[in-house]
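Here is a short tour of a protein model for you to follow with the structure open beside the text. Take the topics in order, and look up each residue as you meet its name.

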Amino acid sequence: MNLETTFKFIEELTHIDCSKKTIFELMASTSEELGELSREILIEEKSFGNNYKSVDEGSKAESVDLTICALAIFFARGGTVDEFVEIANKK
């Protein structure tokens with residue numbers, strides 16, 4: 001599956017998910033994923049107080065989780081794949 005197909009799949013799932021979740025629940029999920037990513041990085045870097053812990057999914061996997069949640073918010077707000085590309089190119 002290529003990136004565009006993956007984005008469209010996330011967009012489709014977001015519209016299904018939005019029938020059950022509010023934008024605030026999507027935001028809470030995104031915040032949770034950011035925390036999980038932060039924890040994984042602290043563990044991987046053996047940051048003070050985290051050197052005894054073991055990596056769960058790893059920062060790469062948590063980065064993908066965070067990205068999916070952020071994309072869900074984008075699509076829930078009416079964004080499209082083409083619009084994402086346009087905005088990303090400006091950034």
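In which helix is the place of Ile43? Ile43 sits in helix α2, where helices are DSSP runs of H or I with at least four residues, strands are DSSP runs of E with at least two, and both are numbered from the N terminus. Before going on, please note that this is a predicted model, in which local features need pLDDT of at least 70 and side-chain atom pairs count only at pLDDT 80 or more, while totals for chains, interfaces and linings use all residues. Residues are numbered from 1 along each chain as its sequence is written, and side-chain values use heavy atoms, with hydrogens and water left out.

- Ile43 counts as buried because its relative accessibility is 5%; buried means under 20% relative accessible area, exposed means over 50%, and partly exposed lies in between (1.4 Å probe, protein chains only).
- Leaving aside neighbours within four places in sequence, Ile43 is in contact with Asn50, Lys53, Ser54 and Val55, where contact means heavy atoms within 4.5 Å.
- From C-alpha to C-alpha, Ile43 and Ser54 are 6.6 Å apart in space, and they are 11 residues apart in sequence.
- Glu40 is also found in helix α2, and at 0% relative accessibility Glu40 counts as buried.
- The side chain of Glu40 makes a polar contact of 3.4 Å with the side chain of Arg39. A polar contact is a pair of N or O atoms within 3.5 Å; within protein, one must be able to donate a hydrogen and the other to accept it, and residues adjacent in sequence count only if both atoms are side-chain atoms.
- Lys46 lies in the loop between α2 and α3, and Lys46 is exposed, with a relative accessible area of 58%.
- Most residues other than glycine have a negative phi. Lys46, a residue other than glycine, has a positive phi, near 55°.

**Helix α3**

- How far apart are the end C-alpha atoms of helix α3? They are 25 Å apart, which agrees with the 26 Å that the 18 residues of α3 (residues 59-76) should span at 1.5 Å a residue. The expected span is 1.5 Å times one less than the number of residues in the helix.
- The buried residues of α3 are Ser59, Glu62, Leu66, Cys69, Leu71, Ala72, Ile73, Phe74 and Phe75.
- What covers these buried residues includes α1 (3-17), α2 (23-44) and α4 (81-90).
- Gly78 follows α3 and has a positive phi, near 95°.

**Aromatic rings**

- The structure holds three aromatic pairs. Rings of Phe, Tyr and Trp (its six-membered ring) pair if their centres lie within 6.5 Å; planes under 30 degrees apart count as stacked, over 60 as edge-to-face and the rest as tilted.
- Phe7 and Phe84 form an edge-to-face pair, at 5.1 Å centre to centre and with 75° between the planes.
- This pair links distant parts of the chain, with Phe7 in helix α1 and Phe84 in helix α4, 77 residues apart.
- Phe7 counts as buried at 12% relative accessibility, whereas Phe84 counts as partly exposed at 29%.
- The pair of Phe74 and Phe75 is edge-to-face because the ring centres are 5.5 Å apart and the planes lie at 70°.
- Together, Phe7, Phe74, Phe75 and Phe84 form one aromatic cluster.

**The largest nonpolar core**

- Six residues make up the largest nonpolar core: Phe7, Ile10, Leu71, Phe74, Phe75 and Val81. Such a core is a set of buried Ala, Val, Leu, Ile, Met, Phe, Trp, Tyr and Cys residues joined through side-chain atoms within 4.5 Å.
- The elements that give two or more residues to this core are α1 and α3, and α3 gives the most, with three residues.

**Cysteines**

- How many disulfides does the structure hold? There are zero, with a disulfide being a pair of cysteine sulfur atoms within 2.5 Å.
- The sulfur of Cys18 is 12 Å from the closest cysteine sulfur, in Cys69, so the two are too far apart for a bond.
- Cys18 is partly exposed, with a relative accessible area of 30%, whereas Cys69 is buried, with 15%.
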